[in-house]
Amino acid sequence: MKRLILIVILFLTAVAISPILIGEKGYILIAMGDLTIESTVVTATIMLTLVFIALLLTLKFFRGGLNFSFAAWNKIAFASRRRALKDLNKGIAAYVLGDYKQAEHLLAKSAEASSLEHIAYLVAADAAQKQALKPNTEHYLVLLEQKTSTLKAAGLEAVLIKIKLLIGQQNYSQARHIIDEHHKHIGHDARLLSLEIELSLIEKRFDHVIKLLSSAQKQKTISLQSVNEWQQEAFYGAFNSRIKQHDQTVLMEYWQQLPKKTRQAENIVLIYCQVLAENQVSEPLALLLLPIIKKGAAINLLKAVRSLPIIQTDKLIAAAQKHLHNDPHNALWLSLVAHFATRSQQWALAEKAFNSLVNLEIKQYDNVDLLTFSQVLEHQNQFEKANQVLRKIHL
């Protein structure tokens, strides 16, 4: 209504000042074929104003108001984009709900029309990967390569998703290329640091991972469990590659070069012992374990040692038996003597130690003890007793 009043005021103003312009009329001549139209500037201006008002009134009559103009044209012109955005939203919702087939279909369908190709193809690729549809995932990744999108436009999150998808597709070279391209962000983003570590482990760059572990330990968003798993895999790979590619001397020199704090960490010591045991490096292994057994303080480490494939155990058995002389009913030393004796095939000694262990007043054995005890009994053809021991595992 305000607009209509304003238009009327303008019209009346034009009429009011028109006499002023009569003295200097100015003429307009329009010729179309044989038709010639001649008019003054004032008359033409008044006529155009009247036509404009009539047009607005007509639109108001048919559409219910003067607000029709731009809103109506926008609605018609961008209908396809709105439909695409609606499908995109549905696709994201389907992805969150776990309907990956529907999510992939809607996201791929709406990608181009929604003008959000990058995020649509990324999520569609991940939905395809969750369905184990490798060709579809590769297709979306190819489409992503064709869409030039800067980090500022797409965001680091889109880069992270792409790297994860490439690793999932075992396209390690392309994943490495993208990580190296954004390498400066590794020190600032824990998610990219995690992907760098995971890819480096796949690439067997164990020394590189070991260097990154200190940074990973400082990241609050990276769990201690993840750091421990990476640490175990990295050190196992570093130890094992040296003894396989060179010899035990190179491995032992590398061990001595590690920081003292690292060599005292129980999980690292256990990994080193595991590599020595698997490669039958008996003497250095015994020299490393004997002080630990004599001290008897690292309980978790000593329990873990039971599962190592140690062949020469006489010195280790003797060290554990010294503790038993002072404390014959100690479950830890009974278990160690039993397991060490089993490794060296001293079946009678192993059976005696296991019997003492399982007959303690308070249950202090675990499934590792029971499983090994049953194996000892089987080697002595005591199959019924071995079955009785195995049944205790399921009680």
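Phe235 and Phe239 are both buried, where buried means under 20% relative accessible area, exposed over 50% and partly exposed in between, computed with a 1.4 Å probe on protein chains only. The model is predicted: local features need pLDDT of at least 70, side-chain atom pairs count only at pLDDT 80 or more, and totals for chains, interfaces and linings use all residues. Residues are numbered from 1 along each chain as its sequence is written, and side-chain values use heavy atoms, with hydrogens and water left out.

**Overall composition**

- The secondary structure of the protein comprises 23 helices and two strands; helices (H or I, at least four residues) and strands (E, at least two) are DSSP runs, numbered from the N terminus.
- Of the 395 residues of the protein, 37% count as buried.
- Contact means heavy atoms within 4.5 Å. Among contacts between residues at least 6 apart in sequence, 53% join residues at least 24 apart.

**Aromatic pairs**

- The structure holds seven aromatic pairs. Rings of Phe, Tyr and Trp (its six-membered ring) pair if their centres lie within 6.5 Å; planes under 30 degrees apart count as stacked, over 60 as edge-to-face and the rest as tilted.
- One of these pairs, Phe235 with Phe239, is tilted, at 5.8 Å centre to centre and 45° between the planes.
- Phe235 and Phe239 are separated by about one helical turn because they are four residues apart in helix α13 (residues 224-245).
- Phe239 and Trp255 have ring centres 5.9 Å apart and planes at 65°, so this pair is edge-to-face.
- Phe239 belongs to helix α13 and Trp255 to helix α14 (residues 248-257), so their pair ties together parts that are 16 residues apart in sequence. Both Phe239 and Trp255 are buried.
- Ring pairs join Phe235, Phe239, Tyr254, Trp255 and Tyr272 into a cluster.
- Over the face of Tyr254 lies Arg242, at 3.7 Å from the ring centre. A charge sits over a ring if NZ of Lys or CZ of Arg is within 6 Å of the ring centre and within 35 degrees of the ring normal.

**Helix packing**

- Axes are lines fitted to C-alpha atoms, for helices over the stretch in contact, and angles run from 0 to 180 degrees between N-to-C directions.
- Helix α11 (residues 190-202) packs against helix α12 (residues 206-218) at an angle of about 155°, with the axes 9 Å apart. This makes α11 roughly antiparallel to α12; angles under 35 degrees count as roughly parallel, over 145 as roughly antiparallel, 65 to 115 as roughly perpendicular and the rest as oblique.
- Residues making the contact include Leu193, Ile197 and Leu201 of α11 and Phe206, Val209 and Leu212 of α12.
- Between α11 and α13 the packing angle is about 30°, with the axes 11 Å apart. This makes α11 roughly parallel to α13.
- In this second packing, Ser194, Ile197, Glu198 and Leu201 in α11 meet Trp230, Glu233 and Ala234 in α13.

**Individual buried residues**

- Lys162 lies in helix α9 (residues 156-168) and counts as buried at 12% relative accessibility.
- Leaving aside neighbours within four places in sequence, Lys162 is in contact with Leu122, Leu141, Leu144, Glu145 and Ile178.
- Tyr365 is located in the loop between α21 (347-358) and α22 (367-379) and is buried, with a relative accessible area of 16%.
- Tyr365 and Ala331 are 34 residues apart in sequence and 7.2 Å apart in space, C-alpha to C-alpha.
- Leaving aside neighbours within four places in sequence, Tyr365 is in contact with Leu357, Val358, Leu370 and Lys392.
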